[in-house]
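Please find my notes on this model below.

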Amino acid sequence: MIKAAKTQSIKKSEMASVSTVHIALIILAVIWLYPTLWVVLSAFRVEYNDQGDLIGIVVSNYFPKGLGFENFRRLFTTTYFGRWVTNTLTVAVFSTTLSTFLVLSTAYVMSKMRFKMRKPVMNIAMILGLFPGFMSMIAIYYILKALGLTQSLVALVLVYSVSAGLGFYVAKGFFDTIPDSLIEAAKIDGAMQSKIFFSIILPISRPIIVYTALMAFMAPWMDFILARIILGEQNVHLHTTAVGLYYMLYGQRVDSNVFTIFCAGCLFIAIPIVALFLSMQKFYIEGVTAGSVKS
């Protein structure tokens, strides 16, 4: 009887702790979803506030009286949003291609090749990676200005790509799991390092390629600080979506409903990232878990 009572008491205690955790998670989920749902509903909101009290209309009427696609129509007809999306996609595609190649090639060299300065180079890369990128944005701006590359999409591609090789640690962990005997066998057959990398390593590295490409794509697709500094505010047609939406909301545009149009742009630009993660989630998880192996 005593053991049964103790067992029942333990079960009640575990149920109470589990219930507490669930309640806490529900509260956190509501806090996280509230502003997200606010943006989504505002994007489809069709009633307008002529006085410009956008915050007031949302707070007093969280759920809109009517839904429609008017804000999306105005987004593409009254702004340069289509051009901004094209600019962002162009920069993201080129940056992803260059960054993925630099990260994977650097990771392969650090994982499978042995040379004198290998450890110091990895330590220096780790130390540099501890500093946030925006600390160097002033120096980057003046370097690009000296080269005549400011206010151009080429400058953005260079900025997002040149330092990508420093983020090789996750990919290196993945390559560490590939047996060295596979590479040695290829060398015996007379294969060069470049052929081994492109013909043997990359075909079996799809998870880490997807992971690296997704991370590289997200940076230019979502970045605001570097894009704003490099592109400036004069050439509106050169803006990326983040910069364009910012100046649309806080710039000279006079529109009492600019906030709902801004929300439509935010929702539209979020769809590709969500679709990419949902479609490539399996490879993303495999790349993260395999890349967490230490050498």
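1. Confidence first. Helix α2 (residues 54-60) has the lowest confidence in the protein, with a mean of 51, and α4 the highest, at 90. The score is pLDDT, the predictor's confidence in each residue, from 0 to 100. The mean pLDDT of the protein is 80, and 84% of its residues reach 70 or more. Helices here are DSSP runs (H or I, at least four residues), numbered from the N terminus.

2. Ground rules. This is a predicted model, in which local features need pLDDT of at least 70 and side-chain atom pairs count only at pLDDT 80 or more, while totals for chains, interfaces and linings use all residues. Residues are numbered from 1 along each chain as its sequence is written, and side-chain values use heavy atoms, with hydrogens and water left out.

3. The helix pair. α11 (residues 206-222) packs with α14 (residues 258-279) at about 175°, the axes 12 Å apart. Axes are lines fitted to C-alpha atoms, for helices over the stretch in contact; angles run from 0 to 180 degrees between N-to-C directions. α11 and α14 are therefore roughly antiparallel (an angle over 145 degrees).

4. The contact. On the α11 side are Leu214, Met215, Phe217, Met218 and Trp221; in α14 they meet Ile269, Pro272, Ile273, Leu276 and Phe277. Contact means heavy atoms within 4.5 Å. By class there are 10 nonpolar residues, no polar and no charged. Nonpolar covers Ala, Val, Leu, Ile, Met, Phe, Trp, Tyr, Cys and Pro; charged covers Asp, Glu, Lys and Arg; the others, Gly among them, are polar.

5. The largest pocket. Its space is about 1,200 Å³. A pocket is an open set of points on a 1 Å grid over the protein atoms alone, where a 1.4 Å probe fits, with protein on both sides within 12 Å along at least five of seven lines; lining residues have an atom within 4 Å of a point. The volume is the space filled by probe spheres set on the points. Of 35 lining residues, Gly133, Val159, Tyr160, Ser163 and Ala164 lie nearest the centre. α11 gives the most, with 6 residues. The lining has 26 nonpolar, 8 polar and 1 charged residues.

6. The second largest pocket. About 460 Å³ of space lies here. It has 18 lining residues, with Met222, Cys266, Leu267, Ile269 and Ala270 closest to the centre. α14 supplies the largest share, 7 residues. α1 (2-43), α11, α13 (241-250) and α14 each supply at least two. The lining divides into 16 nonpolar, 2 polar and no charged residues.

Terms used
Angles under 35 degrees count as roughly parallel, over 145 as roughly antiparallel, 65 to 115 as roughly perpendicular and the rest as oblique.
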